[in-house]
Amino acid sequence: MVSFDKFKIWVLFICLVSELGHGFYLPGSYPHKYGVGDFLNVKVNSLTSIDTELPYSYYSLPFCKPEEGVKDSAENLGELLMGDRIENSPYRFKMYTNETEVFLCQTKPLSGDEFKLLKERIDEMYQVNLILDNLPAIRYTKKENYFLRWTGYPVGIKVQDAYYVFNHLKFTVLVHKFEETNVARVMGTGDGSEVISTVGNEGSDAPGYMVVGFEVVPCSFQHTADSLKNLKMYNKLPTPIKCDPTTVSMAIKENEPVTFTYEVNFVESDIKWPSRWDAYLKMEGAKVHWFSILNSLMVITFLAGIVLVIFLRTIRRDLARYDELDKEAQAQMNEELSGWKLVVGDVFRAPSNPGLLCAMVGDGVQILGMAVVTIMFAALGFMSPASRGTLITGMLFFYMILGVAAGYVSVRLWRTIFCGDHKGWVSVAWKAACFFPGIAFLILTILNFLLWGSHSTGAIPFSLFVVLILLWFCISVPLTLIGGYLGAKAPHIEYPVRTNQIPREIPPQKYPSWLLVLGAGTLPFGTLFIELFFIMSSLWMGRVYYVFGFLLIVMILLVVVCAEVSLVLTYMHLCVEDWKWWWKSFFASGSVAIYIFLYSVNYLIFDLKSLSGPVSATLYLGYSLFMVLAIMFATGTVGFLSSFWFVHYLFSSVKLD
């Protein structure tokens, strides 16, 4: 089994590029036609909990196993990296065939360890996640005259001092009749019938159905010993089962077995196949979400417009005033007045740690490009929730490909800083290829050791670690070096002014400049903090995030605001004769990451109140740190590049002696 898993991971590694190349085929996005009586196989995913955020394998608990044995069903690297462990299950239906009192199995008497583990999973509010035809099982609960939607169902419940397990499941499968005349409308093309996946007898006139909904009601039912005699899997129990979700009766006890049963009911529905995910995408508070986003967009757009207008008017007034003066007056003004023109001989002086700055800017371009391309593909529907893992797989693929951009930008910036010198460009390209990935690899390795110690399915297998390292050094690093070579061959950006040999002394400031830099991140944070709440909810509360169109708009607006904030702060520093603008322009917009991390801590304290255990909190903070570092690189790069363009444009537009 272990060797097969390793072989499968290697196949995934080899087929990664070819898999992503077929962009128009999304796993699970084509309707499957089932004939009456055709078998429908239910799959199981990892057990999940918002209490611990540690996923575990379904079969880590004493549940019934399929007769043919447990088999993995992972489709891509993204599923493995997300901790999904999709496997087959013993639940098996026949299309449009209602069944009741179906016996599944009776477990062996629970050992002390199994009994203790079941109680722990119930206390930690673990959910069982089932999948039918790529649709997760959904559960509805009524609260104060409205319905709440949940994916999956709880393992069990604790009532007073007793623990009860949900051992009987009542399934409802919503089906829609398949009609040949509606194929074009369903698929959006007149050739749709050629790509419809059919199961069963082809060419028959019997009606076919598509699965458009999968609902589950968990019950706790105590079976009598007499009703279970001589029963095999899928036999019908001789006594009826009354499924009442409001009562529990199957208490788990040590050295006693647990019996699992189920029933299934097929209901014909008016839901069309393209709309079958609507029930999952109706997030609670959706109206508040849309209103808040629109309100945030309007407010930030208004503020950004004001900043831009004031900024342009100030610069134009300064330029016009300098241009109107003759040379003698300019020389006199240079002696009497202070301002950005006085740092003309130092403004392009090389910053401290230029190699690190170039590597961070190159990595920022790579991360930002990956985010924009991924969100655009997701907004177009190529990475829908129906395609599990494709979002992570796509991000990994685009990040590797954009290594060319990281190497090119970092090396060309290096040559620009040193006025076209080629020396050291290989070292800079290597830094760009290894700096951020190295930090990410270190964080994920530490977190993975915690997951390994917890025996969680969220832990990346060692063989997959090897695959990721090979992807890094065999694809990403060579592409970054190729980009660096192209950057070394490209002409460097020439400075419009010469740099003095002796640096100018910076006058003492009334306030610490770094304090202003750190405070500059508040405005970019205002563009995304509302959207950030819904992203955090989807990551840690098990909700489905799908408004990628809004996310793309927010990202574009974030880039604009980061550029404007960095421009304004750079101009302010130059006006007080502070010519060390390189790093400050990077961190002026990159400081938004600090506020995002503080927001993450706030979310942990006030929204994830149930998160228990030091391992869970460490994992949360570790992944949050990884996220904010990526955001800092991306936003800092936007601020630096915009400031560099501004400084270059400003000093090339004014008349100089």
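Modeller: Strand E15, residues 208-219, is mostly covered, with 10 of its 12 residues buried. Keep in mind that this is a predicted model.

Colleague: What makes a residue count as buried?

Modeller: A relative accessible area under 20% makes a residue buried. In the protein chain, 49% of the 657 residues are buried.

Colleague: How do you know that strand E1 pairs with E15?

Modeller: Pairing requires at least two bridges found by DSSP. Two bridges join E1, residues 32-35, to E15, so the pair qualifies. These strands run antiparallel. Tyrosine 34 stands opposite tyrosine 209 in E15.

Colleague: What joins strand E13 to E15?

Modeller: Strand E13, residues 168-178, is joined to E15 by 11 bridges, and the two run antiparallel. In E15, valine 211 is the bridge partner of valine 175.

Colleague: Now the helices. At what angle do H9 and H10 pack?

Modeller: Helix H9 (residues 354-379) and helix H10 (residues 390-401) pack at about 140°, and their axes are 9 Å apart.

Colleague: Which residues make the contact?

Modeller: H9 contributes Gln366, Ile367, Met370, Val373, Thr374, Phe377 and Ala378, while H10 contributes Leu391, Gly394, Met395, Phe398 and Tyr399. By type, the contact of H9 with H10 has nine nonpolar residues, three polar and no charged.

Colleague: Why is glutamine 366 called buried?

Modeller: Glutamine 366 has 2% relative accessibility. The limit is under 20%, so glutamine 366 counts as buried.

Colleague: Where is glutamine 366, and what does it touch?

Modeller: Glutamine 366 lies in helix H9. Leaving aside residues up to four places away in sequence, glutamine 366 touches Tyr399, Leu402, Gly403, Ala406 and Ser476. Glutamine 366 and alanine 634 are 268 residues apart in sequence, and 8.1 Å apart in space from C-alpha to C-alpha.

Colleague: How many helices and strands does the protein chain have?

Modeller: The protein chain has 19 helices and 16 strands. Of its contacts between residues at least 6 apart in sequence, 84% join residues at least 24 apart.

Key:
Residues are numbered from 1 along each chain as its sequence is written. This is a predicted model: local features need pLDDT of at least 70, side-chain atom pairs count only at pLDDT 80 or more; totals for chains, interfaces and linings use all residues. Side-chain values use heavy atoms; hydrogens and water are left out. Buried means under 20% relative accessible area, exposed over 50%, partly exposed in between (1.4 Å probe, protein chains only). Helices (H or I, at least four residues) and strands (E, at least two) are DSSP runs, numbered from the N terminus. Axes are lines fitted to C-alpha atoms, for helices over the stretch in contact, and angles run from 0 to 180 degrees between N-to-C directions. Contact means heavy atoms within 4.5 Å. Ala, Val, Leu, Ile, Met, Phe, Trp, Tyr, Cys and Pro count as nonpolar, Asp, Glu, Lys and Arg as charged, and the others, Gly among them, as polar.
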